[in-house]
Amino acid sequence: MKFLAAGYLILSAAVAADVKPLYKDPKASVDDRVADLLSRMTIEEKTAQLIQGDISNWINTTTNEFNATGLAWNMANRAGQFYVGYPVPQQWIAEGVKKAQDYLIHNTTLGIPALVQSEGIHGFLIGNATIFNSPIAQGCSWNPKLIEKMGAAIAQEALALGVNQIFAPLGDLARELRYGRVEETFSEDGFLSGEMGYSYIVGMQSGNVSAMVKHFAAFGNPEQGLNVGPTHGGERELRTTYLPSYKRQIIDAGVYAIMSAYSDYDGVALVANHHVLTDILRDEWGYKYWVTSDAGGTDRLCNAFKMCKEKPIDKEAVTMYALPSGNDVEMGGGSYNFATIPKLVKDGKLSINIVDTAVSRLLRAKFAMGLFENPYLAVPANKAASKIHTKENVALARELDAESIILLENHNNVLPLSKKAKVAVIGPMAHGYMNYGDYVVNGSQYRGVTPLDGIKAASKGVVTYAKGCERWSNDQSGFAEAIKTASAADVAVVVVGTWSRDQLQLWQGLNATTGEHIDVASLNLVGAMPHLVKAIIDTGKPTVVVFSSGKPITESWISTDASALVQQFYPSEEGGNALADVLFGTVNPSGKLSVGFPYDVGTLPIYYDYLNSGRGTAAGREYPNGTLEFGSAYVLNSPMPLYEFGYGKSYSTFVYSDFKLSKTNVTATDSITATVKITNNSTRDGMEVVQLYVKDLMTSVVVPNIQLKGFSKVMVKAGKSVTVSIPVDVQKLGLWDIRMKYVVEPGDFLILVGSSSADFRANATLTVG
């Protein structure tokens, strides 16, 4: 009997050891898997999930030498996710990621795979990945389908190296044009930004890569336009203006992760804002995944917001502010304050329930993504070229770039150019480097199609070039050559603008006029550039000016004096080809501004959706000949935009007719459809962005004068008509009332349809009962 009992016990133990834990069963529910895994974790293992690691802990990013001790240490302390965004050969990343995931699966007690993180607002941050145009340009395409394709393309390229999470897109709005990161946002408008980000996330996450919405919330409108400065506003402005873009991206698209903002809103640091991160995000919206700080963002609680001791930093205080507020994970780049979690729990200062909640949110995302079943989806090294920088992705970059270019002026129809014309290409942004926005890998500026390259490739005539000046200098010694070159041509194309730097140079103190932490007090062209433009115009030759920039430029005289004006926000690697496509008419321009252009920095802000009580105008003006025409709002300028949100010309002419609403009397729970016929009264096929705005005619609180509530980009053949349908959800026409409750108030709403936020072609009244 004793022998049989002993044998039974041994057999039972062997069977028990062979039983697969519930959390490893892909057929079990996500919630059950999370609960089972959490119950098996030590406090040290839980803490390690909540702190970001870094591939440089086990891979030398200069030599590629492997450090096994560093890998073991990282995974004991910072195992939940790790960053890989270094300018190194592609396979260094793939091999380093494989070592890490293998270690986690086979050499740790529970085998929890990691999220592998990099940047990707306009392309996966690695050498020779496809570089798309910057988000502010993407927004000008008004084409969510292309943004979804781009998201899928970036996911494909990232996953080929084992990267399964990308820090993008932004829900931030371009409300403050002095701010350096305007180029990283889609738009000044919450609806458009929401749609673009939604499409990016759907595309990316369909490819088994997690997106991460940033920077939650109300980031992008800092005091004085200065990076990470405070954002002023109240609860109503937060909910009316700032939150809709995030909610569309986070909730409707089902994003797996969020990055909190560096800044404070109304005096409360967003990395420790319980109201935003918990009351709204979790309790109201029902978000079930995780939030991380930005790099070094938690340290700001002490060193910027002065909420705790800075030297030495009070790590326990930081943790007690951020974690219970709903900031679940701490990114690197700071003091790694969350390492104090075990001690705080042991000392009874921090509830284990708070820790468990945070860990559960991260694990839930990992289970939902299928990471436990497929922790490493990179392709073999000899297959990487079939996934990264493919012909299809490069073609997509060109298509999106071309659709993002905005024709601002076209006097006497100087555009499109004849391919036989002799073209002088002039300007510091025209050749010699690629004028990309920030968040491109080191050295990217030397790879891509410049405007000169693109024009040469498309032209059947003679193309000449003169730089004219450096972008950072007042030196005009190159003007003579530029003037001579322009004078000998049929037409001059002058490319000027702003410039940023790659992710290495941007932080080395090199000159730049846009990008993260690069803020400006003027939106004018820098140095010799405006004088170069005038010198070329003064030759008398037709002059097409191209603004290559990361934000609007305030040189209103160019709008009248140049023969044509084209805006190309920071381009893709195919930027020169895309520009040539538009200049020569291969592509009919269809871009519409996602952000308004002011006359001058002193007239900011210039967003279209100002409150009903704002923007009275009695404009004055100073004429080129010196004549002064005095006004009062402003004395010598206008508070209205030079080019409004949604504006953009075409080589075609579109006529709107037969505008109808499917119902004109509705309840707050109804949905309706607005239809309008668009006719192309020209000999050239073209795309039109049909924009629908809503004006609430009488309200109990002050609301925006109009708001974008729908749009559709459609191709209309020459001489043909199409009927465009735009859905309108009446529930989304509400406001936050005096008691801060969301309501759709009974009354009349004016539904406007047109070609921009100031060019309405038809309207109808909708009555809500």
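Q: How much space lies in the largest pocket?
A: This is a predicted model, in which local features need pLDDT of at least 70 and side-chain atom pairs count only at pLDDT 80 or more, while totals for chains, interfaces and linings use all residues. Residues are numbered from 1 along each chain as its sequence is written, and side-chain values use heavy atoms, with hydrogens and water left out. A pocket is an open set of points, on a 1 Å grid over the protein atoms alone, where a 1.4 Å probe fits and protein lies on both sides within 12 Å along at least five of seven lines. With grid points joined across faces, edges and corners, and volume taken as the space filled by probe spheres set on them, the largest pocket has about 1,200 Å³.

Q: Which residues that line the largest pocket are the closest to its centre?
A: Lining residues have an atom within 4 Å of a point, and 48 residues meet that condition for the largest pocket. They divide into 22 nonpolar, 10 polar and 16 charged, where Ala, Val, Leu, Ile, Met, Phe, Trp, Tyr, Cys and Pro count as nonpolar, Asp, Glu, Lys and Arg as charged, and the others, Gly among them, as polar. The closest to the centre are Phe191, Pro244, Lys709, Lys732 and Tyr742.

Q: Which element gives the largest share of the lining of the largest pocket?
A: Helices (H or I, at least four residues) and strands (E, at least two) are DSSP runs, numbered from the N terminus. Among those that each supply at least two lining residues are helix 8 (190-205), helix 10 (274-284) and strand 21 (686-696). The largest share, 10 residues, comes from helix 9.

Q: Which residue caps the N-terminal end of helix 10?
A: Within helix 10, Val276, Leu277, Thr278, Ile280, Leu281 and Arg282 are buried (under 20% relative accessible area, with a 1.4 Å probe and protein chains only; exposed is over 50%, and partly exposed lies in between). The helix is followed by Gly286, whose phi is positive, near 80°. At the N-terminal end, a side-chain oxygen lies 3.2 Å from the backbone nitrogen of His275, and that oxygen belongs to Asn273.

Q: Which strands are the edge strands of the open sheet?
A: The sheet has five strands in the order 19-27-26-21-22, with mixed pairing, where two strands pair if DSSP finds at least two bridges between them. Two strands of this sheet pair on one side only, and these edge strands are strand 19 (665-666) and strand 22.

Q: Which residue in strand 6 stands opposite Met212?
A: Strand 5 and strand 6 run parallel and are joined by three bridges. Both faces of strand 6 are covered, with Ala257 and Met259 buried on one side and Ile258 and Ser260 on the other. The residue opposite Met212 is Ala257.

Q: How far apart in space are Leu583 and Pro416, C-alpha to C-alpha?
A: Leu583 lies in helix 20 (residues 575-583), and it counts as buried because its relative accessible area is 0%. Leaving aside neighbours within four places in sequence, Leu583 is in contact (heavy atoms within 4.5 Å) with residues including Leu415, Pro416 and Tyr651. Leu583 and Pro416 are 167 residues apart in sequence, while their separation in space is 5.3 Å.

Q: What is the relative accessible area of Ala618?
A: Ala618 is placed in the loop between helix 20 and strand 16 (621-622). Leaving aside neighbours within four places in sequence, Ala618 is in contact with Gly631, Ser632, Ala633 and Tyr634. Ala618 is partly exposed, and its relative accessible area is 33%.

Conventions. Polar contact = N/O pair within 3.5 Å; in protein donor to acceptor, adjacent residues only side chain to side chain.
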